[in-house]
Amino acid sequence: MEQKEIYIETERIIIRNFKQKDAEGLLEYLSHPRVNCFAGDLLCSREAALAYMQYSPKDMLRYAVSLKKEDFIIGDVFALRENEDTYNVGWHFNKRFEGKGFACEAATGLLDYLFREAGARRIYGFVEDDNIRSKRLCERLGMRREGCFKEFVTFVNNPDGSPKYEDTCVYAILEKEWNTICSVLNKLTLLKCEIPMKELKKKYTPYTESERMSYIREYLSTSETKYQFAKRTGICRRLLNLWLDKYHINDKVMSTAHPSFNKYSAESLNELEKELAALRAENRKLQRALQEESLRHEACEELINLAESTYHIKVRKNSDAK
């Protein structure tokens, strides 16, 4: 298929036509294909890499993915048109650059281009069941898992020479589903400044002696249960119990005199250690809550960045180029 001139720019990468200088980078990751379905794309020389870039199967669009700053090829994406509005997509990427979100950026740019510029109504892809990274990428793109074909196809042989059949999953997405996802991501972008991390951070400060006694008096002066009091004030029920035990106070019976004890006694030290353990447990609880909020914030930031890379794609085509 004639390769149209294409230029898709995202935040960190560019999807473009192949250049001769890409041969070395292409050879770096296709000299050892990482999954069996690309065993037929094995390249052993620079000449083979040049031929790979120059010739594509009929009805297939295939483009290089390069780093925006260095213009170094880190992978390629392709789309096979099966009819006027259906495309089968896929991607190769260099192992050195995995785990950094480049594949997601490139695949997002490719799908957005096919839906908006190439008239795609439905896009799908085949993924081997043991290709965990590619399956996760499809899910991040919003693609729906439509099924898994058992021993569907073979690309390589077993050690004994018999064909090795692969379990193959199918992921797909429709144009209307893609538009819905883009709409949601756009709304998330508008909320970007409404998630101040400072408000999520709760600083923990140990309670002073006077604060402990104040909470105890307040609890004893009410008819609330420990659960109700803890819910209203935010005090941990276990901590309240430790305070009551420390000061030898029976539940709902306030001692008239402050208990005295030898602060150097083994019993006092044991009580203080219990209180310290409770404080540490409460601190760990707060830290876990903060980490969970931070993870949610980071996930939202990732979705926002994905939306920005999608909506800032710039495509230019040269109709005269071959």
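In the predicted model, the lining of the largest pocket comprises 24 nonpolar, ten polar and ten charged residues. This lining amounts to 44 residues, and those lying nearest the centre of the pocket are F38, W91, H92, N131 and S134. The volume of the largest pocket is about 1,100 Å³. Helix α4 makes the greatest contribution to the lining, with seven residues. At least two lining residues each come from α1, β3 (60–67), β4, β5, α3, β6 (122–128), α4 (132–140) and β7 (144–157).

The protein chain as a whole contains ten helices and nine strands. Of its 322 residues, 37% are classed as buried. Among contacts in the chain with a separation of 6 or more, 65% are between residues 24 or more positions apart.

The largest nonpolar core consists of 38 residues, within which V77, W91, L114 and I123 have the most contacts. For I123, when residues up to four places away in sequence are not counted, the residues touched are Y87, V89, L111, L114, F115, M143, Y171, A172 and I173.

Helix α1 (residues 23–30) has A23, G25, L26, Y29 and L30 as its buried residues. Viewed down the axis of α1, these buried residues fall within an arc of 165° and therefore line one face of the helix. In an α-helix there are 3.6 residues a turn, so residues three or four places apart point the same way. The cover over the buried residues of α1 includes α2 (46–54), β4 (73–83) and β5 (86–93). Helix α1, β4 and β5 also each supply at least two residues to the lining of the largest pocket.

D59 is situated in the loop between α2 and β3, and its phi is positive, at about 65°, although D59 is not a glycine. With a relative accessibility of 27%, D59 counts as partly exposed. D71, which is likewise not a glycine, has a positive phi of about 55°; this residue is placed in the loop between β3 and β4.

Conventions: Residues numbered from 1 in each chain as written. Predicted model: local features only at pLDDT ≥ 70, side-chain atom pairs only at ≥ 80, totals over all residues. Heavy atoms only, no water. Core = buried A, V, L, I, M, F, W, Y, C linked by side-chain atoms within 4.5 Å. Buried < 20%, exposed > 50% of the residue type's maximum accessible area, 1.4 Å probe, protein only. Contact = heavy atoms within 4.5 Å. Helix = DSSP H or I, 4+ residues; strand = E, 2+ residues; numbered from the N terminus. Arc of directions from axis to C-beta. 1 Å grid on protein atoms, 1.4 Å probe; cavity = no way out; pocket = protein on both sides within 12 Å on 5 of 7 lines; lining within 4 Å. Points joined across faces, edges and corners; volume = space filled by probe spheres on them. Nonpolar A, V, L, I, M, F, W, Y, C, P; charged D, E, K, R; others polar.
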